[in-house]
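Please read the report below alongside the sequence and the model.

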Amino acid sequence: MASLLYTATLNAQTFKEEFEGNSLGWTESAGESNNGTAVIDKGVMTIKSKGINKFASAMMGTQVGENTMFETHCYAPLNIKKPFEIISNVRIDKLGTDKTCGFIFNYRDFGNFYAFTFNDEMVNFLRFVDNKMVGMISQGVKWPKNKKINQEWKLTSDGSTLSFYVDGMEILKVKYMPLDFTGVGFYTFGKQTLIVEDIAFTQL
């Protein structure tokens, strides 16, 4: 059940989705997609991509097309022109070069969105326009030796800078990327399973 929580920060409010239902209208796919499935059941959302792509090892999920990625999204209860924070608790499979996951935002439709994606070696900021990747920022990432499969993901915007964190560690920061759309969601690539336990949207 989604709930509205008031934080201690003056004038900040949080809307939290705990997946007792689908109040935000997340896209669900129980098997009709060739790329994967996204199902809300028993208080979690489970996203699975099938990972059938002979170019997977070279791409790290940087192309939108057949069998390259799978996503689910909703439209966030946020004014994305003002500062905000999104925090989600997730569980992932072991990462690899051809097993990637991440968070999508500024989502208009399947071919137009931004994404933070990562695997066991790299983190990317990707920008897609009309099904084409038109921008990418990449850097290596050094995970703790025993990186957890239970993780907290956080995306923040202060109006000019976007920052993405995993378990409190900032893994990539991007400046001067305009936000126009409230669509947000999750991304998997390769034979990857991502379980989303909750997601909270806070207007700062």
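F19 and W26 are both buried, where buried means under 20% relative accessible area, exposed means over 50% and partly exposed lies in between, with a 1.4 Å probe and protein chains only. This is a predicted model, in which local features need pLDDT of at least 70 and side-chain atom pairs count only at pLDDT 80 or more, while totals for chains, interfaces and linings use all residues. Residues are numbered from 1 along each chain as its sequence is written, and side-chain values use heavy atoms, with hydrogens and water left out.

Rings of Phe, Tyr and Trp (its six-membered ring) are taken as a pair if their centres lie within 6.5 Å, with planes under 30 degrees apart counted as stacked, over 60 as edge-to-face and the rest as tilted. By this rule there are 16 aromatic pairs, and two of the tilted ones are set out here.

| Pair | Centre to centre | Angle between planes | Class |
|---|---|---|---|
| F19 and W26 | 5.9 Å | 55 degrees | tilted |
| F116 and F125 | 5.4 Å | 55 degrees | tilted |

A nonpolar core is a set of buried Ala, Val, Leu, Ile, Met, Phe, Trp, Tyr and Cys residues joined through side-chain atoms within 4.5 Å. The largest such core has 42 residues, and those with the most contacts inside it are F103, F105, F118, W153 and F186. A second, separate core of 9 residues has M69, I104, A115 and L126 among its members.

Strands here are DSSP runs of E with at least two residues, numbered from the N terminus, and two strands pair if DSSP finds at least two bridges between them. Strand β7 (residues 100–109) is largely enclosed by the rest of the structure, because 8 of its 10 residues are buried. On one side β7 has strand β14 (residues 183–189) as an antiparallel partner over 6 bridges, with F186 of β14 as the bridge partner of F103. Strand β8 (residues 112–118) also pairs with β7 in the antiparallel sense over 6 bridges, the two being joined by a hairpin of 2 residues, and F116 in β8 stands opposite F103.

Which residues does H73 touch, not counting those up to four places away in sequence? With contact meaning heavy atoms within 4.5 Å, H73 touches G25, W26, T27, I104, Y107, V184 and G185. H73 is found in strand β5 (residues 70–75) and is buried, with a relative accessible area of 10%. Its side chain makes a polar contact with the side chain of E71 at 3.2 Å, a polar contact being a pair of N or O atoms within 3.5 Å, of which, within protein, one must be able to donate a hydrogen and the other to accept it, and residues adjacent in sequence count only if both atoms are side-chain atoms.

F19, with a phi of about 60 degrees, lies in the loop between β2 (13–17) and β3 (36–41) and is buried at 1% relative accessibility. D130, with a phi of about 50 degrees, lies in the loop between β9 (122–129) and β10 (132–140), and is exposed, with a relative accessible area of 52%.

Terms used:
Helix = DSSP H or I, 4+ residues; strand = E, 2+ residues; numbered from the N terminus.
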